[in-house]
Structures are given as C-alpha cells and as structure tokens.
Amino acid sequence: MPLKNYGVLAATAVDRRREDNTDTPHYQIHLRDAAGTDYRAAVNVESQQAPSELLYVVVDDFRHPVTGLLPAAGSGWTDLPSKPGTAALDFIRGNLFDPAALRVLPAGLPGTDNDLADLLDHYVRRAIDDPAAAVHLIGQRFGPEPGVPDKVFGFRPGNGVHDIHMNQGNSGRFRSDNGVYQDGGLLIHLPAENRWVAVFLAFQSQAWHTDDTTGHPLPGTPPRPTDPPGPVDPPGRGAALRIVAAVVNPVGPAPEDETVTVLNTSAAAVDLTGWHLADQTKQRLALPAGPLAAGAALTVHAAGGFTLGNHGGAITLLDPRGLKVHGVAYTAREAAAEGRTITF
C-alpha cells in the first residue's frame with residue numbers, strides 16, 4: 001500500500017538536531033508555519049537494510065516545473081495526490097535530477113563535512129540563518145498527537161513529516177511502502193538569490209526500474225538505470241545515450257516544429273531500433289531505426305501526439321525494453337523565449 005498521508009510541509013526552519021550513535025539515526029529539523037504551528041521533520045541518514053549508507057544528491061540550482069506547483073511559503077501542511085502535474089515527486093518519472101550524480105555518504109563520522117548529517121546541516125543552518133528562506137519538505141505526515149509533546153523539540157502537539165526519501169523500489173519488509181509519485185525531498189528557496197536548492201535521498205537497496213502503477217521493482221531488470229546486472233556504481237553511471245538539447249517553443253504559430261537532440265556519448269555506434277522519447281504525458285516518439293555513430297547527435301522532430309509544452313515539462317529516453325535510460329526537465333521560464341534551444 002502506498003503512503004497514506006503524503007504531502008508537503010511549507011514552513012520556516014527554526015532549529016535542528018543531529019542524532020548520532022542511535023539505532024535509527026535521523027537528522028531532525030524544527031519548523032514553524034505562518035500560523036505559528038510547530039512541526040518536526042525526521043530525515044533518515046542511515047538505512048535499516050544493508051548497505052546502511054544512503055545515496056544523496058544536492059542540486060544547488062534546482063530548476064524544475066515542480067517548484068511552481070508548491071504551496072505558498074509558510075502555509076503549513078498540504079496533502080498531495082500521488083500523480084503527475086502536481087508537486088508530488090517521483091525520482092524515476094519526474095526527471096528531478098540525473099541519477100548518475102548520486103553519491104554515497106555514511107550517516108555520521110568524527111570530524112567535519114564528511115557525513116550525511118554534516119551535509120544536511122550545511123543547508124538547514126543556512127535556512128535557519130535566513131528568515132526569508134522558505135523550506136518545503138515532501139514526505140508522509142505523522143500526528144498531530146493532542147496532548148503529546150514532540151519527542152525531540154518538546155513542542156505540543158507532536159506533529160511533523162518523515163519518509164523524506166525515495167519511496168518506491170523497496171523489497172522485503174519495506175515493499176508495502178512502494179508507490180509512484182510519492183517520493184520525498186527537501187527544497188529550500190533562497191529569495192535573495194532567486195534560487196532553489198534541492199536535496200534528494202535514496203537507499204542503496206532500492207531498485208531504479210519500477211512498475212508504473214505499484215512502484216514495485218520490475219523483475220529481470222538491472223538494479224540501476226543503464227547498468228548490467230550485478231554490483232554497480234551509483235545509478236545512471238555509463239549511460240551511452242543522453243538528451244542534450246530541445247527546442248520546446250519554436251518561432252511561429254502552432255503547430256510548431258519542436259525538436260529534441262540526443263547524443264551518443266559512447267565509443268561505439270548504438271542501434272536506435274526500438275528506442276523512444278516520451279513527453280510528460282507519456283506520449284511516445286520513436287527514434288529512427290539504425291545506428292547512431294559514436295559521438296554523433298540526432299535531432300528528432302516532434303510528431304504523432306508527442307508535444308513539449310511551454311509551461312514546463314519533462315522528456316524521457318526509453319530503451320527498446322521501455323526502461324528509462326535518461327531524462328530531463330525544463331521550466332516555464334526556460335521555455336518562454338521563442339526559438340531558444342534549451343541545453344541539458
């Protein structure tokens with residue numbers, strides 16, 4: 001069963017606390033919304049399933065249409081439907097970041113700036129020190145618990161958000177948590193810089209090819225996108241084909257000649273037979289069959305229902321098995337100028 005109380009907390013960070021040397025360490029954040037309601041965000045920094053170290057990625061200049069769908073800063077808790085076109089996150093289908101950028105960090109180590117708690121502390125303390133910074137935490141709500149104080153910060157009633165990590169591709173005892181468009185994340189808006197910072201976390205035990213309905217791992221698929229079966233590096237490492245550019249708002253009236261450019265980054269030709277592009281609504285566009293030479297780029301023209309909207313969107317590259325190999329996203333701001341080529 002997917003998460004029961006999925007949504008987003010929009011609030012201001014007021015305090016934080018790291019937990020070291022505990023059975024299930026978390027990085028704890030105390031937040032308060034504009035109405036004065038207190039919340040606690042419990043961010044996992046260690047996995048209960050081996051390997052214990054989490055995968056993480058920080059996008060220091062996060063540009064994605066999901067930021068335009070978030071509730072107003074300081075507005076408190078908002079339930080989210082687990083579907084595209086909302087602020088719901090999906091690490092696989094939403095093209096929020098390049099999985100090849102994921103790295104592993106231990107929960108806590110002696111010293112400074114060398115573990116996941118230190119990394120989270122860097123960004124959360126910045127949000128605490130900047131009263132204008134808006135924090136959005138996406139995950140599953142717990143509480144409120146009338147009459148019960150929060151077990152970390154002591155405010156009443158106990159109330160907050162957890163599961164601020166990938167919530168699909170689980171196996172074993174966590175399989176029941178799987179679902180699509182219900183992943184978690186930490187997003188911080190810095191108004192003075194007009195910039196978003198995003199932190200995304202996942203467990204190494206989670207699969208990166210999942211069923212579009214259940215979020216369960218797809219049987220017979222490699223554990224990471226584009227990698228062979230067996231122990232592998234972080235997901236996405238070694239992808240041969242990548243989406244590198246698109247013209248989503250061509251000059252002229254509709255129907256416009258939208259294009260997507262794909263690059264073969266490998267040292268050998270790749271047969272494009274059976275490969276497809278998919279737009280945000282999952283409409284597919286077949287790539288022309290035949291080899292694409294090493295280092296060569298191919299520009300494909302939109303057709304047959306495949307469209308790139310001017311209000312932000314996502315483009316996904318699928319291999320002949322229908323598995324995601326690469327994906328990108330663009331914002332309405334990037335699409336505003338007619339004729340501009342957006343590079344990824």
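**Close-up 1. Asn-95 and its backbone angle.** Asn-95 is found in the loop between β5 and β6, where helices (H or I, at least four residues) and strands (E, at least two) are DSSP runs numbered from the N terminus. Although Asn-95 is not a glycine, its phi is positive, at about 50°. With a relative accessibility of 4%, Asn-95 counts as buried; buried means under 20% relative accessible area, exposed means over 50%, and partly exposed lies in between, with a 1.4 Å probe and protein chains only. The model shown here and in the other views is predicted, so that local features need pLDDT of at least 70 and side-chain atom pairs count only at pLDDT 80 or more, while totals for chains, interfaces and linings use all residues. Residues are numbered from 1 along each chain as its sequence is written, and side-chain values use heavy atoms, with hydrogens and water left out.

**Close-up 2. Aromatic pairs around Phe-97.** The structure holds six aromatic pairs, a pair being two rings of Phe, Tyr or Trp (its six-membered ring) whose centres lie within 6.5 Å, with planes under 30 degrees apart counted as stacked, over 60 as edge-to-face and the rest as tilted. The rings of Phe-91 and Phe-97 form an edge-to-face pair, because their planes stand at 75°, with the centres 5.2 Å apart. Phe-91 is buried at a relative accessible area of 1%, and Phe-97 is buried too, at 6%. Phe-97 also pairs with Trp-208, again edge-to-face, since the planes are at 80° and the centres 6.4 Å apart. This second pair links distant parts of the chain, 111 residues apart, with Phe-97 in the loop between β5 (76-79) and β6 (103-105) and Trp-208 in the loop between β10 (195-203) and β11 (241-247). Ring pairs join Phe-62, Phe-91, Phe-97, Phe-200 and Trp-208 into a cluster.

**Close-up 3. Surroundings of Asp-212.** Asp-212 sits in the loop between β10 and β11 and, at 47% relative accessibility, counts as partly exposed. Leaving aside residues up to four places away in sequence, Asp-212 touches Arg-93, Val-180 and Lys-282, where contact means heavy atoms within 4.5 Å. With Arg-93 there is a polar contact between the two side chains, at 2.9 Å; such a contact is a pair of N or O atoms within 3.5 Å, of which, within protein, one must be able to donate a hydrogen and the other to accept it, and residues adjacent in sequence count only if both atoms are side-chain atoms. The C-alpha atoms of Asp-212 and Val-180 are separated by 6.7 Å, although these residues are 32 residues apart along the chain. Lys-282, in the loop between β14 (276-278) and β15 (284-286), has a positive phi of about 75° without being a glycine.

**Close-up 4. An open sheet of four strands.** The four strands follow the order β17-β12-β11-β20 with antiparallel pairing, and two strands pair if DSSP finds at least two bridges between them. The edge strands, each pairing on one side only, are β17 (297-301) and β20 (342-343). Between β11 and β20 the antiparallel pairing extends over two bridges, and Ala-245 stands opposite Thr-343 in β20.

Close-up 5. Ala-50 and Pro-51 are joined by a cis peptide bond with omega of about -10°, and Pro-51 lies in the loop between β3 (38-44) and β4 (54-59). A cis peptide bond also joins Arg-156 and Pro-157, with omega of about -10°, and Pro-157 lies in the loop between β7 (134-145) and β8 (158-162).
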